[in-house]
Amino acid sequence: MNFKFFPHTEEEIHQMLARCGMKSLDDLYCDVPEQIRFKGEYDLPEAMSEAEIRNLFEKLGDKNRRLTVFAGAGCYDHYTPAVVPNILQRSEFLTSYTPYQAEISQGTLHYIFEYQSMMAELTGMDISNASMYDGSTATAEAAIMAMASTKKTDTVLVSSTVDPKVIDVVKTYAHFHGFNVELIDANDGATDKAKMDERLEKGGVAGVIVQQPNYYGVVEDYSGFADSCHAKKALFIMNSVAADLALLKTPGEWGADVAVGDGQSLGIPMSMGGPSVGYMCCTEKLMRKMPGRIVGKTTDNRGQRVFVLTLQAREQHIRRQKATSNICSNESLMALFVTIYMSVMGKEGLKEAAQMSYDGAHYMHDALVATGLFADCYNRPFFNEFNLEYKGDVDALQRRFIEAGILGGVKTGDHTIMFAVTEKRTKEEIDQLVNIAKEEQL
């Protein structure tokens, strides 16, 4: 059984079997029922040249339909400057995956330091860690962080206006970490503060999680939320779409203890839903409860600037069973991606892209409502995403959009549809979508 695509030599296989106390590979797999064992030939294609491989993948790629995207719900079609993927591949950044050895990982440590600095400024918080996997897991980690930071608590409150996908992930983490998740009711598409205050009064709450803008695109007013939480020794946790913070009031300004969310909106392509990057920022007081690591800047014995791992929870390595989280590294390539994006765009570029998204969404919203076929679900301000009630068949309308090469919104109910607009969408594209909606009713 010597196949060139198996890396193990016969000698290594014999050594492995001997260590396991077995004489043959048949002994190793004896527990696998005979009826489910594959006995045919492997259907492996013949080897191809580089040119043939490129042609093959081009043909496969041609099968995909590129749609004009007006859908969001957590993943957005933002523009990626051409320079970003080029800088991403520079050799000084392609160092070790986990930067334990600072002397050979300066490229990695440098961009993580810059990432942390930019995310802390974007969120208005004191500290950022070295990135998380995505916005959903970052939010769940914040819930665990709240449990670890409070005493005599067993519950985390989550606004029902938070993205349902995020809520599901938080509930999954809660199940295996042994705490409860309770939803706060919504009132006209926004978190019901009176309901939150009522539950906080009962006690036992470690933290409250809200989203800004919320799942339906509504920009909520969180005045007094932080005060209510802090009065009951609970953490105030805010999940936000990273790009929107270029214009919106930051979590720090709202008095949040922890800011989390997804960084995909910072130029990362949609790519069929991933990969993405999550961010987590917090107040200095909570720094040692935050999962992951923090990179700092110092000087070496020659007075040169160097970057080092400054803080990380020792439990992640020494006492893992006591760790609040075992995240110690991440696919930090995505953290590098958004760092380059933010560097290239600059403060004004981020603001301009956010403003264009806002303006485009409001133009499209007004045009759709003016048709008489759509009506607002909520009488609330929104940013670049909005939820409308449609007077016709939502499924039929979306099929018509697809036929015209448009990914037209996300269905949020039997008669409701949510649209998102980014700086990539032109007036002509918006007008095309509106005209299709008109024609669907003819």
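Asp 395 is partly exposed, with a relative accessible area of 33% (buried means under 20% relative accessible area, exposed over 50% and partly exposed in between, for a 1.4 Å probe and protein chains only). The structure is a predicted model, in which local features need pLDDT of at least 70 and side-chain atom pairs count only at pLDDT 80 or more, whereas totals for chains, interfaces and linings use all residues. Residues are numbered from 1 along each chain as its sequence is written, and side-chain values use heavy atoms, with hydrogens and water left out.

**Salt bridges**
- The count comes to 17 salt bridges, each being a side-chain nitrogen of Lys or Arg within 4 Å of a carboxyl oxygen of Asp or Glu.
- Asp 395 pairs with Lys 411, their closest N and O atoms being 3.0 Å apart, and this pair links distant parts of the chain, with Lys 411 in strand S16 (residues 410-413) and Asp 395 in helix H12 (residues 394-403), 16 residues apart (helices, H or I of at least four residues, and strands, E of at least two, are DSSP runs numbered from the N terminus).
- Lys 411 counts as partly exposed, at 34% relative accessibility.
- Asp 77 and Lys 424 meet through their side chains in a salt bridge of 3.1 Å, N to O; since Asp 77 lies in the loop between strand S1 (68-69) and H4, and Lys 424 in the loop between strand S17 (416-420) and helix H13 (427-440), the pair ties together parts that are 347 residues apart in sequence.
- Asp 77 is buried, with a relative accessible area of 12%, while Lys 424 is partly exposed at 33%.
- The side chains of Glu 34 and Lys 39 also meet in a salt bridge (3.2 Å, N to O); Glu 34 is partly exposed at 47% relative accessibility, and Lys 39 is exposed, with a relative accessible area of 59%.

**Nonpolar cores**
- The largest nonpolar core has 37 residues, of which Met 119, Leu 266, Tyr 279 and Met 342 touch the most other members (a core is a set of buried Ala, Val, Leu, Ile, Met, Phe, Trp, Tyr and Cys residues joined through side-chain atoms within 4.5 Å).
- Two or more residues of this core come from each of helix H4 (83-88), helix H5 (106-123), strand S10 (278-282) and helix H11 (333-370), and H11 gives the largest share, 10 residues.
- Apart from this core lies another, of 29 residues, among them Ala 138, Met 147, Val 166 and Ala 174.
- Leaving aside residues up to four places away in sequence, Met 342 touches Met 118, Met 119, Leu 122, Leu 266 and Leu 350, where contact means heavy atoms within 4.5 Å.

**Helix H8**
- In helix H8 (residues 193-202), the buried residues are Met 196, Arg 199 and Leu 200; they cover an arc of only 105 degrees around the axis, which puts them on the same side of H8 (the arc is that of the directions from the helix axis to the C-beta atoms).
- The buried residues of H8 pack against strand S3 (155-159), strand S4 (180-184), strand S7 (205-212) and helix H9 (225-231), whereas Ala 194, Glu 201 and Lys 202 are exposed on the other side of H8.

**Whole chain**
- The protein chain has 13 helices and 17 strands, and buried residues make up 45% of its 442 residues.
- Among contacts with a separation of 6 or more, 68% join residues 24 or more positions apart.
- The C-alpha atoms fill a box of roughly 75 × 55 × 55 Å, taken along the principal axes.
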